[in-house]
Protein chains: 2
Amino acid sequence: MRGRDDMNPYFSRRAFLEGALGVAGLNAVAGPARAVRPVSAPVLHQPGITTPQQSSIYFMTFDITAEKRADVAALMRRWTQAADAMMAGHAIPDFVDSGEAEGLSPKGLTLTFGFGPGLFTQDGRDRFGLASRRPAALADLPRFTGDQLVPARTGGDLSIQSCANDPQTALHAARVLARLAYGMAEPRWAQAGFLPDFGRHTTPRNLMGFKDGTMNPDTTSPRATDRFVWAAPDDVAWMQGGSYQVARIIRIALEHWDRMKVGFQEETMGRMKESGAPIGGHRESDPLDLKAQDHDGNPVIAENAHARLAAPSENGGAQILRRAYSYDNGLSFTAERWPPWHQGNELDAGLLFLCYQQDPRTGFTKIFDRMAKFDMMNQFTTHIGSGLFACPGRKPGTCIGAALLDA
Amino acid sequence: MRGRDDMNPYFSRRAFLEGALGVAGLNAVAGPARAVRPVSAPVLHQPGITTPQQSSIYFMTFDITAEKRADVAALMRRWTQAADAMMAGHAIPDFVDSGEAEGLSPKGLTLTFGFGPGLFTQDGRDRFGLASRRPAALADLPRFTGDQLVPARTGGDLSIQSCANDPQTALHAARVLARLAYGMAEPRWAQAGFLPDFGRHTTPRNLMGFKDGTMNPDTTSPRATDRFVWAAPDDVAWMQGGSYQVARIIRIALEHWDRMKVGFQEETMGRMKESGAPIGGHRESDPLDLKAQDHDGNPVIAENAHARLAAPSENGGAQILRRAYSYDNGLSFTAERWPPWHQGNELDAGLLFLCYQQDPRTGFTKIFDRMAKFDMMNQFTTHIGSGLFACPGRKPGTCIGAALLDA
């Protein structure tokens with residue numbers, strides 16, 4: 001992908017900390033990260049959250065099999081050390097690498113780690129003595145209307161989001177981290193995804209053929225990210241500088257979608273297909289005019305259009321930072337429940353939807369609860385996987401989660 | 001992928017035909033193709049065979065549901081027209097595109113079509129009156145030692161190899177072609193794959209961390225391709241300018257491989273991991289010295305090393321043109337049959353192995369039959385999918401398969 005390996009200019013413009021963080025006395029070098037609140041002990045955000053999306057993702061979750069908190073802390077130290085090395089394009093200390101990324105540049109690799117509800121409480125048990133430190137914002141997601149979650153693609157005690165401008169680099173990093181977890185955590189589910197290179201300043205199209213990501217908060221505005229992306233100042237101390245990650249695997253009935261007329265697709269989306277403009281508007285960046293009516297007095301953007309239901313103004317100002325990728329898992333047998341009642345092998349493809357937010361209760365859950373009930377697009381989409389994770393900030397010189405696990 | 005969108009210089013050096021082929025009177029433009037034997041009616045090779053590998057592949061096979069040969073011929077006309085348009089970056093005539101590649105360049109897209117044994121004979125039935133025209137070289141593959149072929153990932157009457165320097169472009173083309181086949185052919189299996197960009201003049205590494213593709217015949221030498229890649233002059237007329245495609249999905253027990261010492265991996269491969277040189281050699285391009293012995297009189301390259309068993313000199317000079325991609329389908333539950341007897345979710349990943357040859361009986365089958373029995377690497381690899389297809393040449397102004405289906 002041309003130009004994507006460049007350092008994100010946002011990071012270099014801001015108070016960007018890079019260099020030897022001295023984790024555990026090793027020559028670790030941090031990947032892109034940004035300092036917040038430059039007080040005595042600045043906290044770094046993890047990379048891969050406000051970082052512009054790379055072209056490939058490998059997302060993986062783990063069940064912890066270790067029984068002691070000290071082992072989990074040791075795993076996070078090892079993971080942090082390895083991640084810092086890989087993001088900088090260095091060899092991982094004391095490790096025989098599988099080698100498939102040998103000779104490749106880091107390709108903009110970012111690794112983002114998250115803690116799931118199971119780290120705090122498992123089947124009602126306070127397994128690591130951390131239950132009292134679970135953030136209120138990490139409340140289990142409710143069951144949404146239409147959810148068809150497959151247990152083998154849902155949940156996890158830990159998550160790794162590996163993003164790079166090359167699929168082998170993204171997979172390599174996850175594979176290495178899974179190896180480093182042997183005996184302490186077992187892979188639970190994984191999903192690869194991709195984002196085509198439409199060029200800078202062009203919103204990519206998803207597999208439905210529409211531009212996706214138009215509505216994100218401005219990640220170059222600290223005011224916007226402090227309000228919508230980063231944990232609130234009154235959140236628990238170990239989450240300062242962190243963000244909450246929601247992952248959903250959304251299968252799209254693409255063959256069915258393809259049979260719909262473009263006009264109906266646009267009505268469903270609330271946007272024009274070619275330009276990305278809201279219906280009634282002209283340019284992608286035009287605001288949604290949700291009050292506009294046609295000459296019969298009907299809303300120009302339908303009451304149950306996707307764009308309307310997702311709009312901040314319809315959700316009490318709620319915003320989330322979307323970081324979605326397309327996924328494709330080949331074919332699987334499907335029996336369609338609508339005309340033309342087709343049965344056969346259809347694409348198991350859709351959206352690996354990831355989003356970051358200050359609080360999932362006022363972010364994803366607030367927005368998606370209504371969409372799950374009313375969005376016209378639900379005719380074509382099914383949520384088949386889900387995950388919820390707290391991605392803490394990090395103090396220089398410490399490993400990810402140290403403020404939680406070492407305390 | 002930097003530089004990969006460039007036209008292959010090989011094509012422009014040779015008698016490269018490009019331009020309006022006038023298929024069915026429409027403004028179709030051919031993708032990269034090369035003329036052979038410039039006699040009165042030159043035959044073009046299909047693109048995607050000797051074309052340098054792009055970074056993404058989407059491979060898909062189909063079962064024909066149409067019952068008349070004329071319908072299959074019509075499908076191939078429609079597919080050819082659509083493929084020519086997509087490869088040239090043009091809109092497909094009389095077609096509402098799903099749109100997810102709108103605004104993307106063709107990204108070096110090549111589409112390669114193949115005919116499987118089922119087009120000629122199905123369950124002993126001459127379904128389209130073509131049984132007598134089945135080439136001898138399209139003999140069913142034998143069952144190889146160790147084969148664990150999954151029916152849902154094996155076979156097909158038709159194949160499409162869609163390669164591009166972008167995964168969404170490769171998937172888009174296959175999806176469009178599947179739509180154009182509605183009512184005439186049903187998708188049977190599909191597998192996506194990727195090849196990292198190690199830069200020009202560098203052999204990419206596969207997921208085992210070794211350089212892959214070192215042993216290919218020289219595709220810039222017509223003498224080599226005429227002998228090893230393109231159908232023989234005495235093959236059936238409709239296959240002139242064509243090639244035979246073998247597809248194998250090879251799952252690799254990566255977690256097990258990762259536990260092996262590098263020295264053992266190198267012994268298994270017969271090559272050094274870092275340099276790619278044969279054991280005993282210094283450079284990747286060094287010839288395999290299969291007679292070399294150590295001071296105990298043992299062969300330097302083990303008798304059952306992968307590189308030895310694959311070497312032309314060990315196979316009566318047989319050569320095939322490998323065009324392999326790595327694949328990754330997330331995790332699946334696996335119970336390992338060797339120490340450390342691990343049970344759990346492991347990577348469902350490995351090699352989407354494609355190869356092209358003059359005759360699979362003297363190409364893939366000859367080479368792989370011995371490897372399936374003896375190759376040390378079989379401890380780590382399992383063939384779980386398979387396909388065999390004849391990819392015909394094409395006369396200018398006609399569609400792919402016209403010489404077979406319209407006759």
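Trainee: Which residues of helix α6 in chain A are buried?

Mentor: Good place to start, and keep in mind that this is a predicted model. In α6 of chain A, which spans residues 262-269, the buried residues are Gln265(A), Glu266(A), Thr268(A) and Met269(A).

Trainee: Where around the helix axis do they sit?

Mentor: First the general idea: an α-helix has 3.6 residues a turn, so residues three or four places apart point the same way. Here the four cover an arc of only 160° around the axis, so they lie on the same side of α6(A).

Trainee: What do the buried residues of α6(A) pack against?

Mentor: Their partners, also in chain A, are α5 (254-258) and α7 (306-310).

Trainee: How should I read a positive phi?

Mentor: Most residues other than glycine have a negative phi. Lys107(A) has a positive one, near 55°. You will find Lys107(A) in the loop between α2 (69-88) and β4 (110-115) of chain A.

Trainee: Is Lys107(A) buried or exposed?

Mentor: Lys107(A) is buried, at 10% relative accessible area. In chain B, Asp94(B) also has a positive phi near 55°, and it lies in the loop between α2 (69-88) and β4 (110-115) of that chain. Asp94(B), however, is exposed, at 73% relative accessibility.

Trainee: And how are the two chains related?

Mentor: In general, two copies of a chain are related by a rotation about an axis and a shift along it. For this pair, a 180° rotation with 0.0 Å of shift along its axis superposes chain B on chain A, with an RMSD of 0.0 Å. The copies are therefore related as by a two-fold rotation axis. Both use the same surface, as 100% of the contact residues of chain B recur in chain A.

Notes:
Residues numbered from 1 in each chain as written. Chains lettered and ligands numbered in written order. Predicted model: local features only at pLDDT ≥ 70, side-chain atom pairs only at ≥ 80, totals over all residues. Heavy atoms only, no water. Least-squares fit on C-alpha atoms with pLDDT ≥ 70 in both. Contact = heavy atoms within 4.5 Å. Buried < 20%, exposed > 50% of the residue type's maximum accessible area, 1.4 Å probe, protein only. Helix = DSSP H or I, 4+ residues; strand = E, 2+ residues; numbered from the N terminus. Arc of directions from axis to C-beta.
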